[in-house]
Amino acid sequence: MIIDWYPGHMKKARAQIVEVLPTIDLVLEVLDARLPASSANPLLEQLRGNKPCVKVLNKKDLADPTLTKSWVGFFEKQQNVKAIPLDAKDRRDVGLLPKLCRKLAPNRGNKGQKPLRIMVVGIPNVGKSTLINTLAGKKMARVGDRPAITTCPQQIDLRNGILLSDTPGLLWPVMDDQNGALRLAASGAIGDNAFDPTEISLATIDYLIEAYPALVLQGYKLSEMPETAMAALEEIGCRRGCLSKGGAVDLNRAAELFLRELRAGKLGRISLERPQRAPFASCNAQPDEANL
Ligand code: G4P
């Protein structure tokens, strides 16, 4: 299957990052905890150089906690990098971020020091805006008397020594690797009209049957695992009432429903990538070779 979708804005993104990087002290890279390799854009790593970086493994509430822990270990082996799993909607979680950022830039953001300037970057839909809102909102809630101040059009003063870019840096998902593209599609990071839901569902179910069989059985109340992904999708369609007029399973509807449920976490906490091996059987590339 070919997913022919590439927005072609990389040049603009590159120019923006090159312009902004010298004016900030730390990059807050937002990744999807379910697919930290495929939701990264290697351009950032190329351009970032030695600039400190906090990798936010966002949507941790949807990801497999064991694998998320492995990813944190994986990222923290990199120089000048810290990683933290977060639910960007959770104020308590997000409240841990400033301290972590300060660890990477100890000469900024403390009393008597210049402010710590942070830019949030990531591909669409990973939760950048949600994170910025929670960070700004948290401060507003804590101080209570006045809202976070926009000092200039691009920055929010969190009034804890941290200046945050108010518009996130937008990177584009890398679609060179078909299996990475499959994972991005399964997660909902790329538009639904960019792929065939049935094919994405079949590839994902294939992976789930191997990696999370108990969740599949439990989620769809199956007594035994169907032998193929196609048989499983038909069974899912049957159980969820995705039938066409003649009574046959409407595969497209079943696939759309399956993807909706997967993305909403209804099947449980599922990760599509692990640091050591590629998730979809057909993919030979290691995530670290492919994207990081
Ligand atoms: P972006 O700026 O990077 O493009 O992402 P944005 O914050 O707009 O978030 C994209 C979607 O992901 C939103 O859902 C948002 O609520 C959801 N989201 C962000 N962070 C988390 C998280 O940690 N956990 C979970 N489960 N979801 C998260 P949406 O359905 O598109 O919008 P909404 O109806 O929730 O507002």
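How many contacts beyond four places in sequence does the model have for residues 278–292, where pLDDT stays under 50? The model has 37 such contacts for residues 278–292, a contact being heavy atoms within 4.5 Å. This is a predicted model, in which local features need pLDDT of at least 70, side-chain atom pairs count only at pLDDT 80 or more, and totals for chains, interfaces and linings use all residues. Residues are numbered from 1 along each chain as its sequence is written, and side-chain values use heavy atoms, with hydrogens and water left out.

pLDDT is the predictor's confidence in each residue, from 0 to 100. The protein chain averages 86. A score of at least 70 is reached by 85% of the residues. Over residues 139–153, pLDDT stays under 50. For that stretch the model has 23 contacts beyond four places in sequence. Where pLDDT is low, the predicted coordinates should not be read in detail.

Helix α5 spans residues 97–104. Helices are DSSP runs (H or I, at least four residues), numbered from the N terminus. Six of the eight residues of α5 are buried, that is, under 20% relative accessible area (1.4 Å probe, protein chains only). They are L97, P98, L100, C101, R102 and L104.

The ligand is surrounded by 15 residues, each with a heavy atom within 4 Å of it. The closest are D61, N125, K128, S129 and T130. Polar contacts are pairs of N or O atoms within 3.5 Å. A side-chain N or O atom of S129 is 2.6 Å from a ligand oxygen atom. A backbone N or O atom of G127 lies 3.0 Å from an oxygen atom of the ligand. For D87, a polar side-chain atom lies 3.1 Å from a ligand oxygen atom. The protein covers 60% of the 710 Å² of accessible area that the ligand has on its own (Shrake-Rupley method, 1.4 Å probe).

Definitions and conventions: Buried < 20%, exposed > 50% of the residue type's maximum accessible area, 1.4 Å probe, protein only. Helix = DSSP H or I, 4+ residues; strand = E, 2+ residues; numbered from the N terminus. Polar contact = N/O pair within 3.5 Å; in protein donor to acceptor, adjacent residues only side chain to side chain.
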